[in-house]
Amino acid sequence: MARPTAHFVCHGCGTRVDAAESLPFRCPNAGTDDVDHLLLPVDAEPVFPPSREDNPYLRYRHLLSPYRLARSAGLSDDAWAEFVGRLDEKLADIDGTGFRVTPMGEQPELARAVGFGGKLWVKNETGNVSGSHKARHLMGVMLYLRVIAAARLSVGDGLAHRRLAIASCGNAALAAAVIARAADWPLDVFIPPDASAAVVGRLKELGAKIAVCARQGGEAGDPCFLRFREAVQAGAIPFGVQGTENGLAVEGARTLAFEMAEGFASAQQFPESVFVQVGGGALASALGQGFALAATAGLIAKPPRLIAVQTAGCAPLDRAWKKMANTRPSEAGQHRSRFMWPWESVPHSIAHGILDDETYDWLEIVKALQQTGGRSQVVGEDVLERAYELGRRVTGIPVSATGSAGLAGLMADPSHSGPVTVVFSGVDR
């Protein structure tokens, strides 16, 4: 049997992790210094179109490290299809849908309504598993767990007896709970006291164990994230969407960028800019990496300019972006605390899903902003509320205020001339 060769490399310290021998979650050097540690997959040469299946984890399997690990560990392509298919059937039973390529199309009425003179495209993730893109992140993690168990790799010894854990205020928790239920794996969810009653109710229906985490005096950072880290240190499997805590999380959501790139190529449209809402940063990081791979493969001419949108109620990425000035990302990554630290005040916004105290994947986003000529943008509550109202009324898409925050970024600066795309992710509950 060939030696498995799926590897990850820390973008801060350069540590290389063999996913067959060590869990590619948190960099082993994280917490020992001020370096920004985050594991990234060592990618194979991207080729498009990879296949014609409608399920992204079949369609783009050659671009996913868990698939490469499966094949190099001696598992067949049919075995991978079985992993994906079984989980997908369970997801459909539990949540009403499995993973499929989600719709994207031009929205001329919405463009007129927000005062934008160019073409406006919307990628609609509200009908995806659990109602947002978050499940994409976690499906990649679960497939890795399935592969190492099926291949009987020693790195998976004892994992079946460990609980999954996630810190979230809503959509990510629901995504984790749906996938955990489909995999029949126990899950601990750490949520804030103001999590919506609808989310809490659904989490209970799905069998997740809920821990409500209040802020404590003298403690910096999101208490849900802090309690999550404590659970992981005690043995839980990190099943969240922060790339710093699980190197597989961001990779699973690159499928969103692959779908968008294929859609643009099919329509013979080149998106000048993509406005993306940023909280913890995994979505923007995944889009930046995914578009870069699509451009390398020649599917699109070049990655679109990435515009990272945050709310004025909590904008740690924007603060870091401004502090970067003439600093190279490689240099900034050696001194994380100079650029990224928890937001000092308790954050509040109608777009509550992007109120992460820190942008955990900040450095990869900064790289994408610099490489694509993009930038960070902060929007106020009045614009967020207007985007939420228009996004729902004009398109008929039941998007949440968090999910329409990218549109708010365009409304705050409608001067772009070329085609613009926003991602509607997070169904209104």
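Me: At what angle do the axes of α5 and helix α6 cross?
Reply: They cross at roughly 35°, and the axes come within 9 Å, with α6 covering residues 171–183. An axis is a line fitted to C-alpha atoms, for helices over the stretch in contact, and angles run from 0 to 180 degrees between N-to-C directions. Helices are DSSP runs (H or I, at least four residues), numbered from the N terminus. This is a predicted model, in which local features need pLDDT of at least 70 and side-chain atom pairs count only at pLDDT 80 or more, while totals for chains, interfaces and linings use all residues. Residues are numbered from 1 along each chain as its sequence is written, and side-chain values use heavy atoms, leaving out hydrogens and water.

Me: What is the handedness of the crossing of α5 and α6?
Reply: The crossing is right-handed, a term for a near helix turned clockwise from the far one by less than a right angle.

Me: Which residues of α5 and α6 make the contact?
Reply: On α5 they are Lys134, Ala135, Leu138, Met139, Met142 and Arg146, and on α6 Asn171, Ala172, Ala175, Ala176, Ile179 and Ala183. Contact means heavy atoms within 4.5 Å. By class, this contact of α5 with α6 has nine nonpolar, one polar and two charged residues. Asp, Glu, Lys and Arg count as charged, Ala, Val, Leu, Ile, Met, Phe, Trp, Tyr, Cys and Pro as nonpolar, and the others, Gly among them, as polar.

Me: What makes α3 oblique to α5?
Reply: The axes of α3 (residues 77–95) and α5 (residues 134–150) cross at roughly 130° and come within 11 Å. Therefore α3 is oblique to α5, as angles under 35 degrees count as roughly parallel, over 145 as roughly antiparallel, 65 to 115 as roughly perpendicular and the rest as oblique.

Me: Which residues in α3 meet α5?
Reply: Trp80, Phe83, Val84 and Leu87 in α3 do, and their partners in α5 are Met139, Met142, Leu143, Arg146, Val147 and Ala150. That contact of α3 with α5 has nine nonpolar, no polar and one charged residues.

Me: Why is α3 called oblique to α6?
Reply: The axes of α3 and α6 cross at roughly 120° and come within 9 Å. That angle makes α3 oblique to α6. The contact joins Leu87, Lys90, Leu91, Ile94 and Asp95 of α3 to Val178, Ile179, Arg181, Ala182 and Ala183 of α6.

Methods: Helices (H or I, at least four residues) and strands (E, at least two) are DSSP runs, numbered from the N terminus.
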